Structures are given as C-alpha cells and as structure tokens.
Amino acid sequence: MSRILLVRPPVVFSRTSISAPVTMPLSIAYLAANLRTHGHQVDVIDAVGEALNHIAPSYCDSALYRGLSHQEILERIPAEPDGIGVTTMFSQEWPHIAELVGVLHARYPGVPVILGGEHATAASEYVLRTCPGVRMIAMGEGEETIVDFADYLGGKRSLEDISGIRYLGPDGELKANIERPRVRKPDDLPWPAWDLFNLDPYFGEGEGHGVERGRSMPILATRGCPYQCTFCSNPAMWTTRYVMREVPLVVDEIEHYIRKYKADNIDFFDLTAIIKKEWTLEFCREIKRRGLKFTWQLPSGTRSEVLDEEVIREMAETGCMNVTYAPESGSEWTLDYIKKRIKIPRLIDSIRHAKRYGVFVKCNLIIGFPREKRRDMWKTLGLAMRFAWIGVDDTGLYPYSPYPGSELYDYLRGTKAIGPMSKEYFESLMSFMNLVPSSVFCENVGRREITFYRLLGMSIFYGLSYVLHPSRVLRSLRNYREGRSDPV
C-alpha cells in the first residue's frame with residue numbers, strides 16, 4: 001500500500017476578469033476514489049475549496065490566484081507521502097502550478113511527483129524539461145494510471161510497466177511508455193470520493209460552473225468528444241473516442257447526491273453531454289420513473305443536433321433549466337475552418353424550442369481565429385444579434401486563444417506566430433476572461449479591432465435583449481434583490 005497525496009491547485013485568473021467561477025475538484029475526487037478502491041491510502045488538498053475567499057497576486061501583474069498559498073498547502077500535508085499527484089488543467093495556470101511543484105519538491109525531494117490533466121498532457125515534454133520537480137506525466141485519463149503509479153511506489157511494478165506516462169531518462173531523453181487505452185466502461189470506476197472533501201464552501205458560495213441554483217453537485221455522464229474542432233485540445237487529452245455511461249447508473253449517482261448531500265441541482269461537466277437522442281430520452285424517462293425532483297443544467301458548450309422539440313420538452317419537464325450551446329461562429333467559412341460541423345438553421349430551431357419550454361439559453365461565440373477575416377467576424381456579430389431577437393439569455397463573445405494540443409496551436413507554432421512557451425504566452429491565454437485587451441493571433445485583423453468587435457457585439461446583444469424583451473429588466477432587478485440567478 002502506498003500513501004498518495006493529491007493536490008488540486010488554486011485557480012488562476014486575470015486581474016480584470018469579469019468572473020472567476022470555482023468548481024468542485026471532480027478530477028482528483030475520481031483519482032482518490034480509484035486509489036482507495038485498490039487499497040492505497042489517499043490524502044487530498046483542495047487548494048480552492050479550502051480558501052475560497054483568499055485572493056492574491058500570482059505569477060505576473062495581470063494574474064491573481066484564488067485559494068491556498070504555497071505555504072498553506074505545505075502546512076496541510078498530514079504526513080510525508082510516498083508520491084504526489086497534481087492536476088494541471090488550464091495552460092494559463094501553469095506558471096503558478098510550476099512554482100507550487102517546486103515548493104513541494106523542495107519539501108520532499110525524494111518523493112516522486114506525477115502531473116496529469118489537459119495542460120500536462122498537451123505540453124508533456126515542456127513540463128518535464130522546465131519543471132525539475134516533476135517525475136512523470138500521466139497522459140490522458142488518469143484513474144488507472146495513478147493506481148499503477150501507486151503500485152510502482154510500492155514495488156509492485158516497474159516504471160516501464162506503467163502505461164500512458166512520459167518521463168525523462170537518465171540522459172535527459174524523453175521516454176514515452178506504451179499508450180494507455182481509453183477507459184471503455186466509465187461505470188466500472190468508483191464514484192468520486194466526495195467524502196474526503198469539505199463541500200460546504202461550494203454550497204455556500206454559489207459560484208460554480210453553471211448558474212447558481214442551490215446546492216449543486218457535478219457529474220459526468222459521458223467521456224470524451226467525437227468531434228475534432230481545431231481550437232480544442234480534446235483530441236490530445238481524450239482522443240476522439242466518446243463513451244456514455246448507463247442511464248440507470250447515472251441516475252443512481254444523482255439520487256445518491258440528493259440523499260447524501262441534499263443536492264437540488266446537478267451540473268453536467270461533460271465535454272459534449274448530448275449526442276445520442278435515445279440516451280437523452282431514456283435519461284429523462286428514468287428521472288420521471290423514479291419521481292426525482294431536482295434541477296439540472298448543461299453549462300459546458302453542447303451541440304444542437306439532437307436537441308429537437310421532443311428532446312427539449314422532455315428535458316424541461318425533468319428539471320433542465322439552463323443549456324449552453326457552442327456554435328462558436330456565424331460564418332460558414334469559419335465553421336468549416338475550425339471543423340465545427342454544425343448547421344446554424346438547426347441550431348436556431350433548437351434554441352427556439354428551448355425558449356418555448358422555458359429553458360434559459362447561453363451561446364458561446366469566438367472571434368479572431370488565425371485566418372479569419374472581417375466579414376467572418378461581422379457574420380458572428382450578426383448571429384449574436386439574431387440570438388437577441390429569438391430570446392437567448394446570454395451570449396459570450398470571446399477572443400480566440402491557442403491552447404497546446406490543438407491543431408491551430410500547432411499551425412501558429414509552425415508559422416512562428418507563437419514562440420516557445422513562456423510566462424508571456426501563458427499570460428496571453430487569459431484574454432478570454434476580459435473585455436479588453438483581446439488576443440493577437442489573427443492574421444487579418446488587429447488586436448484593437450477585435451476588441452472593438454467584442455465590445456460592440458456584447459453591447460448590441462444585451463442592449464437588444466433588454467429592448468426586445470423588457471421583462472428581463474424586472475427579472476434582473478428581482479434576481480439582484482433576491483440574490484438568485486436565472487441567466488449567467
């Protein structure tokens with residue numbers, strides 16, 4: 001048996017961010033559960049949840065972090081671990097996490113540190129070569145890899161026998177063990193070990209991934225995404241294999257959260273939650289069959305193909321209150337360029353159905369892709385105006401940011417538009433959090449013009465929303481007075 005310390009680092013965000021939502025540590029809760037199932041001892045530190053109200057400067061003037069300081073994290077380690085696992089999801093947080101790893105390594109120089117998550121997977125060689133405290137990287141899903149890591153520390157397997165890891169050899173050469181197959185049956189994994197965490201701060205703060213609707217718990221009903229959007233790092237992290245859990249087992253987990261944690265809202269954290277119509281209808285029928293009463297929402301950008309009137313109606317009848325669509329662009333050229341594979345008329349029909357059945361709708365749009373032109377951005381602004389007309393409640397208009405592991409990131413590296421990774425590069429990734437400034441990765445339109453389009457688009461959307469739907473003025477005033485949320 002090995003003793004493993006799992007650390008969820010603080011969240012890093014822009015000093016001028018319009019929001020900095022915090023979420024429960026779903027990834028390390030899954031890792032902890034599987035470690036425990038296989039007989040290992042687990043300690044966890046949720047650096048966000050244990051200090052939600054602590055905000056301090058991070059690695060650059062424009063960045064802040066929310067959560068425990070490095071020293072406070074050290075003080076919470078109950079005993080020397082055999083190994084340390086750190087989750088590294090978002091690239092803009094890496095410099096802060098690298099500092100944390102250095103602090104952990106200085107305290108326990110003989111304890112191997114393993115990193116996992118989107119950033120670690122996409123930038124594995126860079127992480128290994130620039131952060132000496134990191135012993136190895138878990139590529140992709142980590143539940144099985146972390147168990148093999150713990151077995152290795154306990155002398156039950158060799159380093160070469162751990163599938164799905166990368167590390168540096170004695171001479172500094174990059175070693176890549178055999179690729180680990182994707183988890184084919186997520187239901188074989190134990191549910192997240194939420195009993196190891198104090199969830200009360202999250203219940204009280206109300207700043208989760210979705211709209212605040214009470215005591216919210218996160219859940220994953222699917223894993224991966226079958227699409228290959230060129231701006232997304234999903235193919236590097238998950239491949240394009242998409243697997244769905246069994247509907248009764250998903251509802252079992254929801255029912256457990258309702259009973260144990262008095263949850264009254266469920267946030268689906270899936271990359272692409274709804275692809276199969278029959279799965280969604282079966283999910284809704286199972287909720288009705290059990291007579292469960294709760295609200296649920298899809299806060300990550302989902303697709304519209306199967307969200308027809310029948311599906312939307314069933315979703316609304318079973319408590320779905322908020323849906324986020326991710327069309328990304330109003331330009332057919334851009335949609336082809338980023339391999340988004342959506343049809344705008346079908347998206348509009350789906351949104352109309354959602355509004356007809358009382359579902360609050362948010363849409364995500366992006367401008368400033370590398371080869372995008374002015375006319376494409378104007379078409380996206382036109383789509384935002386159309387959203388206001390048909391009653392969409394929120395529209396986010398974000399600048400494109402090039403994330404490691406994505407096809408467009410590789411393109412920009414190839415054209416020298418992006419140099420080697422640096423603090424300046426990581427800082428630039430936070431531009432999506434602000435209204436100004438925007439990113440500078442578009443070849444045909446400048447930074448200031450993109451910033452202007454963002455401000456114009458957001459102003460037009462929300463201005464038209466209030467003019468065309470004046471009852472929303474009263475809704476906003478009521479929500480502010482009562483401290484509640486409907487739209488974002």
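Predicted model: local features only at pLDDT ≥ 70, side-chain atom pairs only at ≥ 80, totals over all residues.

Colleague: How many bridges join β2 to strand β5?

Modeller: Two strands pair if DSSP finds at least two bridges between them; strands are DSSP runs of E, at least two residues, and helices runs of H or I, at least four, numbered from the N terminus. Here β2 and β5 (residues 63-66) run antiparallel and are joined by four bridges. Residues are numbered from 1 along each chain as its sequence is written, and side-chain values use heavy atoms, without hydrogens and water.

Colleague: In what order do the three strands of the open sheet lie?

Modeller: The order is β2-β5-β4, with antiparallel pairing. β2 (11-14) and β4 (55-57) are the edge strands, each pairing on one side only.

Colleague: Which residues touch the most other members of the largest nonpolar core?

Modeller: A nonpolar core is a set of buried (under 20% relative accessible area, 1.4 Å probe, protein chains only) Ala, Val, Leu, Ile, Met, Phe, Trp, Tyr and Cys residues joined through side-chain atoms within 4.5 Å. In the largest, of 93 residues, they are Phe283, Trp296, Met315 and Phe387. Helix α1 (residues 26-37) gives the most to this core, eight residues. A second, separate core has 54 residues, including Ala51 and Phe441.

Conventions
Buried < 20%, exposed > 50% of the residue type's maximum accessible area, 1.4 Å probe, protein only.
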